[in-house]
Amino acid sequence: MTKHLILILLTGCFFACTPPTKVLNSWKDPNTSITNPSVHKIVVAALLYDQGVRRQVEDYMASLYPGTATQSYQILGGDSILTDEHGESERLKSQGYDGIVLMKQVGQNTTQKYVPGTMPSYYTSWGGYWGYGWGPRYGATTIYNPGSPGYVETKHHWFVQVNVYSLISGKLIWEANTETTNPGGRIPLFTDVCNAVRAQMKKDGFLK
């Protein structure tokens with residue numbers, strides 16, 4: 001009984017601790033690696049209509065690279081549309097910036113799956129059920145267990161893309177597409193994406 005309980009607890013902990021975000025794919029410019037992030041200056045941007053969420057997410061993004069990253073709402077303004085990419089790039093470069101990170105939600109969907117219930121162990125053989133069926137009057141010791149009913153499990157999936165551009169070359173130098181399942185809110189969604197993306201950058205050798 002004790003061994004079974006420990007196994008159940010460990011299994012529950014595994015699923016509870018599993019990060020909700022996974023990187024579906026990523027790409028790195030083979031000629032680009034960031035070996036010393038502290039010598040760079042980057043702009044981090046969350047392209048979100050909700051300005052409150054945008055600011056919180058960008059604040060978190062910047063906190064991952066203190067002294068290196070600046071929130072886009074501080075340097076590019078609010079939700080205005082960029083109309084002069086060249087002019088803005090030149091302005092940012094004149095202020096010492098050499099890169100920009102863009103995060104954008106690109107999709108979401110919901111999936112449902114039927115999870116079957118469980119039946120008591122004495123249902124697995126006719127002999128077991130025979131013994132249970134006669135009841136304690138005839139020596140059976142099995143306590144009644146109705147099992148558990150099946151249920152429909154609903155999962156919400158959010159898809160976020162992260163692109164990194166060089167302001168020097170004007171080219172895309174790193175990209176990732178992520179999927180997050182049941183994040184528990186908009187802020188947890190994007191902060192978890194930030195952590196998953198940062199780990200993937202290191203795995204790809206883009207960030208060292």
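This is a predicted model: local features need pLDDT of at least 70, side-chain atom pairs count only at pLDDT 80 or more; totals for chains, interfaces and linings use all residues.
Residues are numbered from 1 along each chain as its sequence is written, and side-chain values use heavy atoms, with hydrogens and water left out.

The protein has six helices and six strands, taken as DSSP runs (helices H or I, at least four residues; strands E, at least two) and numbered from the N terminus. Along the sequence these elements follow the pattern α-β-β-α-β-α-α-β-α-β-β-α. Of the 208 residues, 33% count as buried, where buried means under 20% relative accessible area, exposed over 50%, and partly exposed in between, with a 1.4 Å probe and protein chains only.

The structure holds six salt bridges, each defined as a side-chain nitrogen of Lys or Arg within 4 Å of a carboxyl oxygen of Asp or Glu. One of them joins K22 and E179, with the closest N and O atoms 3.9 Å apart; because K22 lies in strand β1 (residues 21-28) and E179 in strand β6, this pair ties together parts that are 157 residues apart in sequence. K22 is partly exposed at 49% relative accessible area, while E179 is buried at 13%. Another salt bridge links E90 and K93 at 3.0 Å between the closest N and O atoms, and these residues, three apart in helix α4 (residues 85-94), are separated by about one helical turn.

In helix α6 (residues 186-204), D192 is buried yet has no salt bridge, and the nearest side chain of opposite charge, K22, is 12 Å away (Lys and Arg count as positive, Asp and Glu as negative; His and the chain ends are not counted). In the loop between β6 (172-181) and α6, N182 has a positive phi of about 45 degrees although it is not a glycine. Most residues other than glycine have a negative phi. N182 is partly exposed, at 38% relative accessibility.The second largest pocket is lined by 26 residues, of which I34, I42, V101, V164 and F206 lie nearest its centre; on a 1 Å grid over the protein atoms alone, a pocket is an open set of points where a 1.4 Å probe fits, with protein on both sides within 12 Å along at least five of seven lines, and lining residues have an atom within 4 Å of a point.
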